[in-house]
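Subject: Structure handover

Hello,

Please find the structure below. My notes on what was found in it come after.

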2 protein chains.
Amino acid sequence: MLSKKTRYALQALIYLAERQDQGPILIHEISTEKQISKKFLENILLELRKAGILGSKKGKGGGYYLIKQPEDVTLVRVIRLLDGPVALLPCVSLNYYEKCDDCDEATCQLRKVMAEVRDETLKILRTRTLKDILPPKEVSS
Amino acid sequence: MLSKKTRYALQALIYLAERQDQGPILIHEISTEKQISKKFLENILLELRKAGILGSKKGKGGGYYLIKQPEDVTLVRVIRLLDGPVALLPCVSLNYYEKCDDCDEATCQLRKVMAEVRDETLKILRTRTLKDILPPKEVSS
DNA sequence: TAATAGTCTATAAAAATTGTAGATTTTATA
DNA sequence: TATAAAATCTACAATTTTTATAGACTATTA
């Protein structure tokens, strides 16, 4: 399961993507609109900024804004940043690899299955971006 | 990531599958061989028994044994039992569904992506069984 | 220079995971 | 039939992770 942190991050990113031309948006506004604890959201937005996805401006008229195009922010990037590994076992994680003490990697069959799961998951999460999860435009009747 | 509980369960199942013809195996033996806390393992084996995957016998000469054929124990079954949902969001979980408070299911685009991830993951985990993760037979030279 | 708004460090609270204790029940067998 | 063996059950404890908060600090604007 994705953590709340990741889900909050995605919600905030959607909010900012929808207002990309409106200049800096207040943390407070996002936290109110999306019902996310403001202090918690601060940390999340900061991480997204440090990762180069968001920009920020301090002081009056400040706030956060998307500095990438929505189609350039992959879901896997956000998930890894806030949630950590995508893989189901540390020993098959590409970005957070750790040897597992219980399996011999050369022969462990579970590892092979989990590597397949990872690959199929990545196939999807690497190609889908923020743009793909923006709400569909309303069509008037 | 799979929990230790699930990983311990899989290890224990492998151990028992390899000894399916040897009658009941002691918890103590599995815990020693696989380096798993005995008391913790007790709980796990009990869950597997209640789920109808293992059988047990009390008293002298007792222990646990596999009551299904390894090819009939899917990985998804074990994972769901010990770990819970396979899906990355509660609102796309087939077995542990919960409405999410932050998305409108009809239009939420993230939900669609996560449903795809779930489907691809299930494609693999539903077809792979305990038999598939047993160690390969040694081939003499 | 006052008000605004993000940044930083640290901590606290809550939840989930992992692990333990000890009494109880069942079974085999001496 | 008494004894030892081994799973079962209930409850709790410790640890780790996740989620949330506090408050001082810095930068910016007007």
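In this predicted model, 26 residues of chain A are in contact with 26 residues of chain B, contact meaning that the C-beta atoms, placed from the backbone, lie within 7 Å. On the side of chain A that touches chain B, the elements giving two or more residues are α1 and α5 of chain A; helices here are DSSP runs of H or I with at least four residues, strands are runs of E with at least two, and both are numbered from the N terminus. The most comes from α5(A), with nine residues. By class, that side of chain A has 16 nonpolar, four polar and six charged residues (Ala, Val, Leu, Ile, Met, Phe, Trp, Tyr, Cys and Pro count as nonpolar, Asp, Glu, Lys and Arg as charged, and the others, Gly among them, as polar).

On conventions: residues are numbered from 1 along each chain as its sequence is written, while chains are lettered from A and ligands numbered from 1 in the order in which they are written. Local features need pLDDT of at least 70 and side-chain atom pairs count only at pLDDT 80 or more, whereas totals for chains, interfaces and linings use all residues.

Helix α4 of chain A. Within α4 (residues 75-83), A:L75, A:V78, A:I79 and A:L82 are buried, that is, 20 or more other C-beta atoms lie within 10 Å of their own. These buried residues fall within an arc of 95° seen down the axis of α4(A), so they line one face of the helix; the arc is taken from the directions from the helix axis to the C-beta atoms. Their cover includes α1, α3 and α5 of chain A together with α5 of chain B. After α4(A) comes A:G84, with a positive phi near 95°.

DNA strand D. By class, the surface has six nonpolar, 10 polar and nine charged residues.

Regards

Notes:
A residue is buried if 20 or more other C-beta atoms lie within 10 Å of its own, exposed if 12 or fewer, and partly exposed in between; C-beta atoms are placed from the backbone. Two residues are in contact if their C-beta atoms, placed from the backbone, lie within 7 Å.
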